[in-house]
Amino acid sequence: MMPHHPHGMPPVEKGQLRVLAWETTKACPLACPHCRASAVDHRDPDELSTEEGYKMLESAAEAGKSIIILSGGEPLLREDLELLAAKAVKLGHRPVVSCNDGSLLTEERIKSLKKAGIKHFSFSMHSEKEEDHDNFVRKAGAYKNALQAFERIKANGLSFQINTTVLPGNYQRLDKIMDWVVSLGASAWHLFFIVPTGRASEGSSEVKLTQEQTNKVLEQISDLSDLNKISIKVTCAPQYAQIRAAKGKPSGSHGRSCMAGNGYIFVSWKGEVKPCGYFDMVVGNVREKPLAEIYKNSQVLIDMREQTKLNGSCGVCRFKTICGGCRARAFAVNNDYMSTDPNCKFCL
C-alpha cells in the first residue's frame with residue numbers, strides 16, 4: 001500500500017491549512033531520549049487555557065478545516081481534552097489524539113473521548129520487543145500498557161496507528177516491526193526520522209543514524225510499502241519521494257512531501273507557532289495574534305511555500321517539486337531553513 005497523507009488527507013492547495021498539530025501540554029510520564037518537546041513530568045500553569053484553545057481552533061477554521069492533532073507531551077493529562085475535541089468537531093475540524101501512555105487511556109477515558117468526537121489515536125512504539133521499548137521510553141510497563149490500550153480502542157470501534165522513530169537500535173528490524181504492527185490491528189504505520197531538536201539535539205548515539213543508514217532504510221521502506229500489508233507513511237525524510245520516483249514508482253505525496261508551513265502548522269503548549277514541531281523557530285504566538293493571520297502572513301512561511309526560494313543543493317535538485325528537503329533539518333544543521341537537507345544522498 002502506498003504511503004499516504006496523515007489520516008487520508010486530500011491534496012493540499014497552496015497555502016490552505018490542512019493539519020494543525022497542537023502540543024497541548026509539555027508534561028509526559030515518559031522520558032524518551034529523542035523527545036522533540038524535551039517533555040517534563042509536570043504540567044505548566046502557562047499552558048494555553050481551554051478558552052485560549054477554543055479561540056485558536058476558531059481562527060484555524062478560517063485558514064482551513066483541518067485535522068487537529070492533539071498531542072504533547074501527553075495530551076491525556078489535560079482534563080479538558082474532551083472539551084477541546086468537541087469544539088474542534090463543532091468547527092468542522094477532525095480531531096485525533098496522539099498519545100504515549102496507555103495506562104491513561106482507560107475504558108472510561110476512551111468512551112468520553114469517543115463521545116467528544118475522537119475516532120482515531122496514535123501511539124509512539126519504537127520496538128516490537130517489550131524490554132527495548134520500556135528501556136527507551138524510560139518507563140517499566142509502558143509496552144504492556146500500550147498493548148492493553150490498543151485492545152480497548154478496538155473494542156470501542158475506534159482506530160489507531162503506530163508511530164515509530166527510526167533509530168540505531170531498530171532500523172535493522174523494520175520488517176519484523178512492520179509485521180508486529182500489522183498483528184496489533186493498527187490502521188497505519190508512520191515512520192519518523194530524527195531532526196536534531198529537543199533532546200535529539202544532544203547527539204546521543206541512541207538516536208542518531210548516519211546519512212548512509214538513513215537512505216538505506218528509506219530504500220527498504222519503499223520495498224516494505226509495496227508489500228501492501230499496512231499503510232505506511234514517512235515523516236521528516238521527504239527524500240523518500242525521490243527514492244520512489246527513481247524506481248519509477250508513485251511518490252505517494254501530492255506536491256512537495258514536506259508540508260511544514262504549507263498546509264501544516266504547529267502550536268506549542270504556550271501558544272508559539274512554528275512551521276512544524278521539529279522546526280525550532282517561532283513565527284508568532286496565538287496569544288498575540290490570530291493563528292489564521294500568522295499562518296497566512298508570516299514571511300518565513302511564505303518563503304517555505306515557494307520552491308524557487310530553495311538554495312544549496314535543494315535549490316537545483318531535479319526532485320524539488322516532489323521533495324524540497326526537510327526545512328527543519330536544514331535549519332537545525334545549517335541555520336538556514338531554505339538550504340540543503342543534510343540527510344539526503346541526492347544533495348551530496
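**Where two helices cross**

Reply: Helices H1 and H2 cross in a right-handed way. Please keep in mind as we go that this is a predicted model. The axes of H1 and helix H2 (residues 81-90) come within 10 Å, and they cross at roughly 20 degrees. An angle under 35 degrees counts as roughly parallel, so H1 and H2 are roughly parallel to each other. On the H1 side, the contact is made by Thr-50, Gly-53, Tyr-54, Leu-57 and Glu-58. H2 brings Leu-83, Leu-84, Lys-87 and Ala-88 to that contact.

Two of these residues deserve a second look. The charged end of Lys-87 sits over the ring of Tyr-54, 5.4 Å from the ring centre. You can find this kind of arrangement elsewhere too: the charged end of Arg-305 sits over the ring of Tyr-295, 4.5 Å from its centre.

Leu-48 is found in the loop between strand S1 (19-23) and helix H1 (50-63). Is Leu-48 buried or exposed? Its relative accessibility is 2%, so Leu-48 counts as buried. Leaving out residues up to four places away in sequence, Leu-48 touches Trp-22, Met-56 and Arg-78, and also a run of residues including Val-267, Ser-268, Trp-269, Lys-270 and Gly-271. Val-286 and Arg-287 are among its contacts as well. For a sense of scale, the C-alpha atoms of Leu-48 and Cys-314 are separated by 37 Å, and these two residues are 266 residues apart along the chain.

On the H2 side, Gly-73 lies in the loop between strand S2 (67-71) and H2. The peptide bond from Gly-72 to Gly-73 is cis, with omega near 20 degrees.

The axes of helix H6 (residues 174-184) and helix H7 (residues 211-225) come within 11 Å and cross at roughly 40 degrees. H6 and H7 are therefore oblique to each other. H6 passes H7 in a right-handed crossing. From H6, Leu-174, Asp-175 and Met-178 make the contact, and from H7 the partners are Val-217, Gln-220, Ile-221 and Leu-224.

If neighbours within four places in sequence are set aside, Asp-175 is in contact with Gln-220 and Leu-224.

Asn-228 is in the loop between H7 and strand S7 (231-235). Although Asn-228 is not a glycine, it has a positive phi of about 60 degrees. Asn-228 is exposed, with a relative accessible area of 51%. Cys-236 lies in the loop between S7 and helix H8 (240-246). Its phi is near 65 degrees, again a positive value in a residue other than glycine. Cys-236 counts as buried, at 14% relative accessibility.

Finally, let's turn to ring pairs. A pair of aromatic rings is described by the distance of the centres and the angle of the planes. How many aromatic pairs does a search of the whole structure find? It finds five. One of these is formed by Phe-123 and Phe-150: the pair is edge-to-face, 5.0 Å centre to centre, with 90 degrees between the planes. Phe-123 lies in strand S4 (residues 120-124) and Phe-150 in helix H5 (residues 142-155), so the pair ties together parts that are 27 residues apart in sequence. Both Phe-123 and Phe-150 are buried.

Phe-279 and Phe-331 form a stacked aromatic pair, 5.3 Å centre to centre and with 5 degrees between the planes. Phe-279 lies in the loop between strand S9 (272-274) and strand S10 (284-285), while Phe-331 is in helix H12 (residues 327-334), so this pair ties together parts that are 52 residues apart in sequence. Phe-279 is buried, with a relative accessible area of 0%, and Phe-331 counts as buried at 16% relative accessibility. To finish with rings, Phe-123, Phe-150 and Phe-160 form one aromatic cluster.

Technical notes: Residues are numbered from 1 along each chain as its sequence is written. This is a predicted model: local features need pLDDT of at least 70, side-chain atom pairs count only at pLDDT 80 or more; totals for chains, interfaces and linings use all residues. Side-chain values use heavy atoms; hydrogens and water are left out. Rings of Phe, Tyr and Trp (its six-membered ring) pair if their centres lie within 6.5 Å; planes under 30 degrees apart count as stacked, over 60 as edge-to-face and the rest as tilted. Helices (H or I, at least four residues) and strands (E, at least two) are DSSP runs, numbered from the N terminus. Buried means under 20% relative accessible area, exposed over 50%, partly exposed in between (1.4 Å probe, protein chains only). A charge sits over a ring if NZ of Lys or CZ of Arg is within 6 Å of the ring centre and within 35 degrees of the ring normal. Axes are lines fitted to C-alpha atoms, for helices over the stretch in contact, and angles run from 0 to 180 degrees between N-to-C directions. Angles under 35 degrees count as roughly parallel, over 145 as roughly antiparallel, 65 to 115 as roughly perpendicular and the rest as oblique. A crossing is left-handed if the near helix is turned anticlockwise from the far one by less than a right angle, and right-handed if clockwise. Contact means heavy atoms within 4.5 Å.
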